Amino acid sequence: MIKLKNITKQYDSKKLFYNFSLDIKAGEKIVILGVSGSGKSTFLRLIAGLEKVDSGEIYLDNKLVSKDDSILVDTDKRDIGFVFQDLALWPHFNVFQNIEFGLKIKKIPKQKRVELVKSILEKVNLRGFENRAIDELSGGQKQRVALARTLVVKPKIVLMDEPLSSLDKDLNLQILDEIFTLQKELNFTLLYVTHNKSEADFLADRVVTIKSV
Amino acid sequence: MMLFIDTVFLSLITTFIAVLFGVFFGVIFEKTTLAFKHTFLILFTLPLLLPPYITALSFSELFGEWLFSFKGVVLVESVIYLPIPMLVTFLLLKNINSSHEDSARIFCPWICVLQKITLPLILPYLFLVSSIVFILSFGNYSVVNFLRYNTFISKIFVEFSAFYEYKSSIILSLLILLMVFMILWFEKNYIKKNYATLFYSSRFKNKNLIELKNFKYIIFTFIFVLLFSFILLPIITLVINSASLSNYIKAFELVSDSIYRSIIYSSIGALIITLFSFLIALIIKRKQLHILDFATISFFALPSSVIAIGLIYLFNNSITSFIYSSPIIIIIAYILKYSALSNRIFSANLAQLPHSFEDSAKVLGASKIYTVLHITAPLLKGSFLLSYFLSFIFLLRDTDMTMLLYSAGNDTFAVKLFTLMANSPQEMVSALCVMMLLIILTPILLWLILRKIF
């Protein structure tokens, strides 16, 4: 499903990855562990095509998408979902519009879009929140909107960059459980970045630990 | 009334063109991989830094009589004010939290991200910038005077100079104060609310640039043609017209006193503005005295001639005549008119300093003054430099206010050049314009060097 072959990436003089390789199967839940600055987030951004590798190859679904300083398949053509650490919910859109965005881009008819948004809001326990402004939501609710926005387009791969780092412990466990259930139901491949070992133990089929070179 | 409507129309068209091209350039220079984009950015900023009538003069040598019309005024003012939306767009996009764009790039290509996410996010700021360009264009005197086009502002100037009539000034001032109030209200209610989430919070700021691919030659050619036609060619024309070295020597002998005075007034004014603005920004932050922000922005927005008329009324009496008849009145006018720019620089940078920096000094027993001098001010050294040089350049180029305020023997280079333009040979005027350009470029180069050292 995801194959990284001899990836090298460095910023200025700091080498984050050197000849790094990894194979991930479809439907697998991989947790990436590592200390701050070790390159966990960069790892996800390379897979998403938001950044180029210095050398090496990245394959998604057996298709070469990045190779040696070139993006061969643009981010929006990679069939991925991404939950960012700061969630990046667009403040000029309400909850419905945030979630609807990806469906609109895919030119899904309005009626179908409404159905899909309502259905995903139900799944993340946010029924009735469609017209809320983003700044009216609590931390946990924002988290669920970000999750819904990512999952509504049914991506094959979902990348999550420390999505629960700003939540308290109870809420953290609750949403982690929801992610676990949704992954099982929708069967996407999950790459989950965290520095929290208990999150890794709860979620992971496999844990990859990144250390600075 | 017709003149007022005509001036509003002129300013609206100017604002539309300046903002349209300014935003386009800002996006291209910040978000794409276009070659020489930073050189383009600096060169397109030049007309804003020069006294406006120099751009008008250089254009007139190129376009001839056609320029002395409504279209000509729109063209000159659009080129002069285009750098404002361009620089603001450039800075907004440079500091925008890239997660907002990255999360949209998961769904669609860059052009759609710009259209649906980036530009709508910065739209309220662009509305503010448009209002500022409108006010500046509305209040401009030297361009319309040079191009012999009647506007509401030129009417005020003539009425005051000839008949000491100031009713129109008062009406206009009230209208502009109302506009400033609306702008600040809009800023408070629609802009500051989302500021923290929109900017600065991403760790991956500004790393992704748009590959222009097949469009790079078309866009490069388009921008280069505009740059050559409206910036480089007018300057080249001035240089060619200025003829010979002896011409420059003659010109320098004629204006050396004014240049000296310009540098002195601008140095003193910029220093006072910088220190004053730092204090004002501190007071606004700590005491939440937003009336001070309103006051500085209002003075910036008021047409220069209106401020000058107000100061003449204030100081032209037996008690304060020593101020009226000396350069002090010019420096006071500079402080009133231009403090808003520095104040905004300090306010923006103060807002980014975590409270904990000052709090930790306080916990360790430092007094407020000690903390400001040893913690806050050193952390803002970049803002001090930028504020000083920016103020220096704006004071150096000021014509509209200084022209009404200078007393005999106290004129500045910008004013002297403006008066010489009417009755001096063309090659002499061109040489003086080139000298002004070099004088303006010197502090810019100095700032670029000092910025790296500090």
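Modeller: Chain A has an open sheet of 5 strands in the order β2-β1-β4-β5-β6, with antiparallel pairing. Strands here are DSSP runs of E of at least two residues, helices are runs of H or I of at least four, and both are numbered from the N terminus; two strands pair if DSSP finds at least two bridges between them. This is a predicted model, where local features need pLDDT of at least 70 and side-chain atom pairs count only at pLDDT 80 or more, while totals for chains, interfaces and linings use all residues. Residues are numbered from 1 along each chain as its sequence is written, and chains are lettered from A and ligands numbered from 1 in the order in which they are written.

Biologist: Which are the edge strands?

Modeller: β2 (14–24) and β6 (70–71) of chain A, each pairing on one side only.

Biologist: And what packs on the sheet?

Modeller: Helix α1 (residues 40–48) of chain A, which touches β1, β2, β4 and β5 (63–67) of chain A. A contact means C-beta atoms, placed from the backbone, within 7 Å.

Biologist: How many bridges join β1 and β4 of chain A?

Modeller: Strand β1 (residues 2–11) and strand β4 (residues 55–60) of chain A pair in the antiparallel sense over 5 bridges. In that pair, A:I2 stands opposite A:L60.

Biologist: Switching to the chain A and chain B contact: how many residues does each give?

Modeller: Chain A gives 18 residues and chain B gives 20 residues. On the chain A side, β7 (80–83) and α2 (95–105) are the elements giving two or more residues.

Biologist: Now chain B. Which domains is it divided into?

Modeller: Domain 1 (1–241) and domain 2 (243–454), with bounds from an automatic or database domain assignment. Their centres, taken over C-alpha atoms, are separated by 21 Å. Each domain of chain B puts 29 residues into their contact. On the domain 1 side, the largest share, 8 residues, comes from α10 of chain B.

Biologist: What does B:A333 touch?

Modeller: Not counting residues up to four places away in sequence, B:A333 touches B:I307, B:A308, B:L311, B:M401 and B:L405.

Definitions and conventions
Contact = placed C-beta atoms within 7 Å. Axes fitted to C-alpha atoms, helices over the stretch in contact; angles between N-to-C directions.
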